[in-house]
Amino acid sequence: MTSQKVDYIVIGAGMAGLASAIRLLMFGKKVLIVEKHSIPGGLNSYYKRGKREFDVGLHALTNTVKPGEKGKPFHKILKQLRIPLENFELSPQSYSLIKFPDKTLKFTNDFNEFIESIHQQFPNDIDQFLSLVEHIKNFNEVALDNETFMAKDVVRSFIKNESLIEMIFCPLLIYGSAWENDMDFSQFVVMFKSIYFEGFARPNGGVRTIINLLTAKIESLGGEVRYKTAVTKIIEQNGAVCGVLLNNETLVECSNVLSTVGNFETKKLLNPELFVAEENIGKLSFTESIFITKEKPHTLGSDATIIFYNNRPNYLYRCPQTFIDNQSAVVCFPNNFKNDQMDEGWLRVTSMANFNLWKNLNSADKKSYLQKKEEVASENIELLKNLLPEFSGDYLFKDVFSPTTITRYTGHLGGAVYGSPDKIRSGKFPETKGLYLAGTDQGFLGIVGAMLSGISITNLYFLQNGSNE
Amino acid sequence: MAELNYDQVRTHVLNIIADIALDDDVTSIKDDLLLREQLDLDSMDFLDIVMELKKRHKIEVPQEDYPQLATMQSCVTYLTPKFNQ
Ligand SMILES: Cc1cc2nc3c(=O)[nH]c(=O)nc-3n(C[C@H](O)[C@H](O)[C@H](O)COP(=O)(O)OP(=O)(O)OC[C@H]3O[C@@H](n4cnc5c(N)ncnc54)[C@H](O)[C@@H]3O)c2cc1C
């Protein structure tokens, strides 16, 4: 066993960990960044199949800023990381749809168009909607000491029409709730502002553009991410963290550790024997099918960028009883951002999925697991035919990932993309001095949220008081 | 060494602010108005100003003195003796 000593350790090179590491390095701290996987990105990483470059997840970057605007969350992040906005090469969405059986709402990066759409579809409820909007505008969703309370109760105190409530919640839940059918109100406001007020864009080059900007910044500051290096244990002595053990048998002494791997995932590193109850593990996991087609989606019949599809009167955001829920999905056409630089058509379908069913099948019988992925692809193709009138169902290539893929590559228990419903908003583990949490289970989600979390927690606990040492 | 005057200290501070508030025009800063109201700066960014003062000029600003950095004028007044130490 070898040993070494550093000032700070960041566990995980996802969006939260990378942003945190940049801040520490900017302040001249000696930091060790460890990542289990062989590449960075975490839940929003990338891979290659054949000649094609794939993104994990990335439908869209939320919190789009428009030219001339100032002071938005995304500006704050870029300022803190000192990365110029232009470098993200953002291409805005055309429009997105919330498609329910009876009604369809449309939104763009101009919030007025969403108001207009609600006005048309729900003329009797528009005033109630606008009073909710006022309440949201005045709410400080990022305060680290906000209490947890459920959003649907708050929204129902403004809006009476349940159908409208279901439609408003649909994109916000599936893009960022760790709870079934509801979400914490602060998180609701984060999502509402980032999706409806600010909107969607995609960096040219996809998630690689974002990750490359972050890793290049780390390099320029003299930092280094150690890949294929997992923390196997966080070592604690007398209620304070004193180091970590790595999978290569190295002991690293350190009294400041920031974990981005999740609440219970971190607690398990402190105590590998820890039992995590079912209800504390997030239940929301997904499959995603990606199809590559010769024709682009607009030729196949749709100019929409993202379609939040739901075929029931209400929206069931929950772990389905079946392998996937085939009555709802998020469909993304990356070609339909304003600046399409891709040669082929890309169709992505994300479905809610049952982690345990996938896990049991995967461990029992590899062949049936692969067969099940084929079935999901076929179901997703049928859905796409519904949304794209000219689509025959033919494609050049496809890839499907399942909830077990998510756990394998990111370590999130239960394949829970949005982590556990037990968030630790303060980012502190009160039992263990020097150990902090950022990212998914601190409560700020998505690419922008995770970066903001990494920055805020690092500033608060590592830089604010430590700037004089 | 000659002591730095108001304008010289101001230039040092301005250079730091310009690097932090990347998207702002810093040429029009009014010295007697709050910086955070003229520029897109919040409390997190003041942390960076303090860090840069230390990195570039070896000047320490303890946390209780952060309010001294509110306007350009108060910055320069507070920092001039530190620059000239
Ligand atoms: C399919 C899918 C689609 C998505 N679409 C979007 C989207 O369109 N827009 C958007 O904004 N967000 C999207 N998201 C959400 C977004 O990806 C996440 O919210 C965000 O990336 C979370 O970042 P994080 O840093 O908190 O966590 P993570 O990305 O999970 O980072 C944690 C890192 O820690 C590493 N790690 C775990 N255990 C250890 C260990 N013991 N030692 C060392 N390293 C370890 C993991 O490998 C991982 O890299 C999507 C997610 C998925 C899965």
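Across the interface of chain B and chain A, 11 residue pairs are in polar contact, both residues being at pLDDT 80 or more; a polar contact is a pair of N or O atoms within 3.5 Å, and within protein one atom must be able to donate a hydrogen and the other to accept it, while residues adjacent in sequence count only if both atoms are side-chain atoms. On the side of chain B that touches chain A, helix H1 (6–20) and helix H3 (43–57) of chain B each supply at least two residues, helices being DSSP runs (H or I, at least four residues) numbered from the N terminus. H3(B) gives the most to this side, with 8 residues. By class, the residues of this side of chain B divide into 10 nonpolar, 1 polar and 11 charged, where Asp, Glu, Lys and Arg count as charged, Ala, Val, Leu, Ile, Met, Phe, Trp, Tyr, Cys and Pro as nonpolar, and the others, Gly among them, as polar.

The model is predicted: local features need pLDDT of at least 70, side-chain atom pairs count only at pLDDT 80 or more, and totals for chains, interfaces and linings use all residues. Residues are numbered from 1 along each chain as its sequence is written, chains are lettered from A and ligands numbered from 1 in the order in which they are written, and side-chain values use heavy atoms, with hydrogens and water left out.

The contact (heavy atoms within 4.5 Å) takes 22 residues from chain B and 20 residues from chain A. Between them the two chains bury about 1900 Å², 45% of it on carbon and sulfur atoms; buried area is the accessible area (1.4 Å probe) that two parts lose on being put together, summed over both. B:Asp40, B:Met44 and B:Leu47 supply 30% of the area that chain B buries against chain A, more than any other three residues. The interface also holds 6 salt bridges, each a side-chain nitrogen of Lys or Arg within 4 Å of a carboxyl oxygen of Asp or Glu. One of them joins B:Asp24 to A:Lys70, with the closest N and O atoms 2.9 Å apart.

The ligand is next. Of the 32 residues around the ligand (a heavy atom within 4 Å), A:Glu35, A:Leu43, A:Asn44, A:Ala60 and A:His412 come nearest. An N or O atom in the side chain of A:Asn44 lies 2.7 Å from an oxygen atom of the ligand, and a polar backbone atom of A:Gly446 is 2.9 Å from a ligand oxygen. The protein buries 96% of the 1000 Å² that the ligand exposes when taken alone, accessible areas coming from the Shrake-Rupley method with a 1.4 Å probe. H14(A) gives the most to the shell around the ligand, with 3 residues.
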